[in-house]
Structures are given as structure tokens and as C-alpha cells.
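Welcome! Please take a look at the structure below, and then we will walk through its parts together.

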Amino acid sequence: MADKPIRADKATAVAELTESFRNAGATVLTEYRGLTVSQLTQLRRSLGKETSYTVAKNTLAKRAATDAGISGLDELFTGPTALTFVSGDVVEAAKGLRDFAKANPKLVIKGGVFEGKAISAAEVTKLADLESREVLLAKLAGAMKGNLSKAAALFQAPLAKTARLAAALQDKREKEGAEAA
């Protein structure tokens with residue numbers, strides 16, 4: 001397949017798809033058979049600005065994936081295929097696709113690529129089930145703040161103990177001095 005010459009317009013399409021594969025943090029392949037143009041437009045809008053939803057010919061998409069160094073997707077390029085290139089938050093895009101697929105069962109998630117590795121449709125669903133990046137960072141910050149508070153209390157404990165000991169010794173000396181006088 002790679003040794004056949006291709007037309008200039010197809011070569012341009014393959015180059016654009018190859019660039020999209022390389023620049024995307026993740027790519028999800030879907031089958032859109034039976035969806036209307038308005039439903040596809042709604043899906044594109046729901047995915048946001050950092051995600052592009054592109055319909056491509058399977059042979060061109062296969063060639064672009066191969067040129068981008070991605071393997072393991074050949075069996076997914078059957079039937080009408082659309083590619084979701086995610087350059088932003090992968091979890092949010094996966095959630096958007098999952099939610100749209102629930103509302104429109106004709107959209108079928110086939111699988112995809114995440115961090116250069118092929119993933120199955122079930123793994124895309126697992127990504128969608130993760131909490132967003134912001135929520136995970138907030139949880140991490142809360143956990144770190146709690147640990148820092150504990151560490152601060154731990155470091156202050158010897159100082160406070162020493163201060164109480166010094167105050168007790170001073171009180172004892174004052175009592176001994178008062179008793180002696």
C-alpha cells in the first residue's frame with residue numbers, strides 16, 4: 001500500500017491527517033453511520049475547541065497513522081470512520097464522546113490512540129470515567145496541604161515542649177527560691 005503513488009489532493013489529505021495524529025494527545029476512532037449532519041455538528045460543538053472531529057477515508061487514515069508511527073489501528077478502519085483528534089484534556093473529550101454516544105446510540109466508539117499506544121473502546125470508556133484533570137489536581141493539593149499541616153505541627157511540637165519545660169523549670173526555681181527565703 002505504501003509503495004503506490006497517490007494523487008496530490010490525497011497526498012495533502014494524508015499529510016494533514018499525519019500532522020493531526022502527531023500533534024494530538026489522543027485520537028479516538030468512531031463510526032458515525034446513521035447520524036445526521038446536524039447531529040455531527042452538535043457533536044463537534046460539544047467536544048470543544050481543542051478537539052477536532054474529522055471524517056476521513058479509511059485508506060487515507062490508515063496511511064496517515066502509519067506515517068505518524070502509530071500501529072494497531074488497522075482493524076478499526078472499517079465502515080464509515082471519523083477521527084477525534086484531542087489536543088486538550090483527553091478525559092473531557094472521552095466524556096463528551098461517551099455522553100453523545102449514550103444520547104445517540106448510532107455513534108459507536110471503536111477505539112483509539114492514547115500516548116502513542118492503541119487502546120480499545122473499553123479503555124476509552126475507562127478514560128471517560130476518570131475525574132477531570134482539575135478535580136484530580138484539587139484532590140492532590142488538598143492531600144498535600146493536609147500533610148504539610150501535619151508536618152508543621154510535628155516540627156512545632158518539640159519547640160512547644162521545650163518552652164513548656166523551660167516554664168516549668170522557672171516555676172520550680174521560683175518556688176524553691178520563695179521557700180528558701
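## Helix α2 and what it packs against

The buried residues of α2 pack against β2 (51-56), β3 (81-86) and α4 (90-103). Packing and touching here rest on contact, that is, heavy atoms within 4.5 Å. The helices and strands named in this report are DSSP runs, numbered from the N terminus: helices are H or I with at least four residues, and strands are E with at least two. A word on the model itself: it is predicted, so local features need pLDDT of at least 70 and side-chain atom pairs count only at pLDDT 80 or more, while totals for chains, interfaces and linings use all residues. Residues are numbered from 1 along each chain as its sequence is written, and side-chain values use heavy atoms, with hydrogens and water left out.

Which residues of α2 are buried? In this helix, which covers residues 37-47, they are L40, L43 and L47. These residues cover an arc of only 55° around the axis, which puts them on the same side of α2; the arc is that of the directions from the helix axis to the C-beta atoms. On the other side of α2, you will find S38 and R45 exposed. Buried means under 20% relative accessible area and exposed over 50%, with partly exposed in between (1.4 Å probe, protein chains only). Just after α2 comes G48, which takes a positive phi of about 95°.

## The sheet

Now let us turn to the strands. Five of them form an open sheet in the order β2-β3-β1-β4-β5, with antiparallel pairing. Two strands count as paired if DSSP finds at least two bridges between them. At the edges are β2 and β5, each of which pairs on one side only. On average, neighbouring strands of this sheet are turned by 25° against each other, direction ignored. Such angles run from 0 to 180 degrees between N-to-C directions, and axes are lines fitted to C-alpha atoms, for helices over the stretch in contact.

Helices also lie on this sheet. α1 packs on it, touching β1, β2 and β3, and the direction of α1 makes about 45° with that of β3. α2 lies across β2 and β3, running at about 150° to β2.

## Strand β4 and its partners

Why is strand β4 described as largely enclosed by the rest of the structure? The reason is that 5 of the 7 residues of β4 (residues 108-114) are buried. On one hand, β4 pairs with strand β1 (residues 26-31) in the antiparallel sense over 6 bridges. In this pairing, A26 stands opposite F114 of β4.

β4 also pairs in the antiparallel sense with strand β5 (residues 117-120), over 4 bridges. Here G111 stands opposite S120 of β5, and F114 has K117 as its bridge partner in β5. The hairpin of β4 and β5 has 2 residues between the strands, and in it E115 takes a positive phi near 55°.

## How the helices meet

Helix α1 (residues 8-23) and helix α3 (residues 58-67) pack at an angle of about 50°, with their axes 8 Å apart. That makes α1 oblique to α3. Angles under 35 degrees count as roughly parallel, over 145 as roughly antiparallel, 65 to 115 as roughly perpendicular and the rest as oblique. The contact includes A13, L17 and F21 of α1 and L60, A61 and A64 of α3.

What about α2 and α4? They pack at an angle of about 150°, with their axes 9 Å apart. The two helices α2 and α4 are therefore roughly antiparallel to each other. Where they meet, α2 contributes Q39, Q42, L43 and L47, and α4 contributes A93, G96, L97 and F100.

Helix α5 (residues 121-129) has V124, L127 and A128 buried. They cover an arc of only 100° around the axis, which puts them on the same side of α5. K126 and D129 are exposed on the other side of α5. The buried residues of α5 pack against β1, α4, β4 and β5.

Finally, look for G69 in the loop between α3 and β3. Is G69 buried or exposed? With a relative accessible area of 62%, G69 is exposed. The C-alpha atoms of G69 and F21 are separated by 9.1 Å, and the two residues are 48 residues apart along the chain.
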